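This short report is meant for a reader who is meeting the structure for the first time. Please keep the sequence and the model in view while reading.

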Amino acid sequence: MSRVIPFIRRSVASNTPADGETHCAHRNIRLVERGEIVSCSDCLAVLSPFWALTMLSQQYSLAMSQIERLTTRTKLADARILELSQELDANSREERRQNPPSTDT
Ligand SMILES: [Zn+2]
């Protein structure tokens, strides 16, 4: 007598970034060492390892671009803070020059 083992029905992700049925972008991947399976933790779809690597590579590139943009913005903000500090110091010096402290007390 043969024994039938029930398996959970899982959809295999196509080459497209999102599964049409679940509308899941499969961003939360899980690596199952047993069987070397890559699956989505959110929708449980079994993913193509190549697709998962491609998605991770794209996400990595996006993250690196964002870090680069934020670094540039931080440098610009630092330069602006320095510029404003110098302006404030110059204004304070000018104010002291125009209104010297009283010495007749
Ligand atoms: Zn998913």
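## Strands and hairpins

In this predicted model, strand 1 and strand 2 pair in the antiparallel sense over four bridges. Within that pairing, Leu31 has Val38 of strand 2 as its bridge partner, and the two strands form a hairpin with four residues between them, where Gly35 in the turn has a positive phi of about 90°.

Strand 2 also runs antiparallel to strand 3, to which two bridges join it, and here Ser39 stands opposite Val46 in strand 3. These two strands form a hairpin as well, with five residues between them, and Leu44 in its turn has a positive phi of about 70°.

## The zinc site

Which residues coordinate the zinc ion? The donors are Cys24 (SG), His26 (ND1), Cys40 (SG) and Cys43 (SG), at 2.1 to 2.4 Å, and along the chain they follow the spacing C-x1-H-x13-C-x2-C. The arrangement is tetrahedral because the four donor atoms subtend angles of 96 to 117° around the zinc ion.

Two of these cysteines can be described by their accessibility: Cys40 counts as buried because its relative accessibility is 0%, whereas Cys43, at 22% relative accessibility, counts as partly exposed.

## The helix

Helix 1 covers residues 49-98, and its 50 residues reach 73 Å from the first C-alpha to the last, which is close to the 74 Å expected at 1.5 Å a residue.

In this helix, Trp51, Ala52 and Met55 are buried, and the buried residues of helix 1 pack against strand 1 (29-32), strand 2 (37-40) and strand 3 (46-47).

Note on methods: Residues are numbered from 1 along each chain as its sequence is written. This is a predicted model: local features need pLDDT of at least 70, side-chain atom pairs count only at pLDDT 80 or more; totals for chains, interfaces and linings use all residues. Side-chain values use heavy atoms; hydrogens and water are left out. The expected span of a helix is 1.5 Å times one less than its number of residues. Buried means under 20% relative accessible area, exposed over 50%, partly exposed in between (1.4 Å probe, protein chains only). Contact means heavy atoms within 4.5 Å. Donors are N, O and S atoms within 2.8 Å of the metal (3.2 Å for Na, K and Ca); water is not among the atoms, so sites may look incomplete. Four donors count as tetrahedral if all angles lie between 85 and 135 degrees; four count as square planar and six as octahedral if opposite donors are over 155 degrees apart and all others between 65 and 115; anything else is irregular. Two strands pair if DSSP finds at least two bridges between them.
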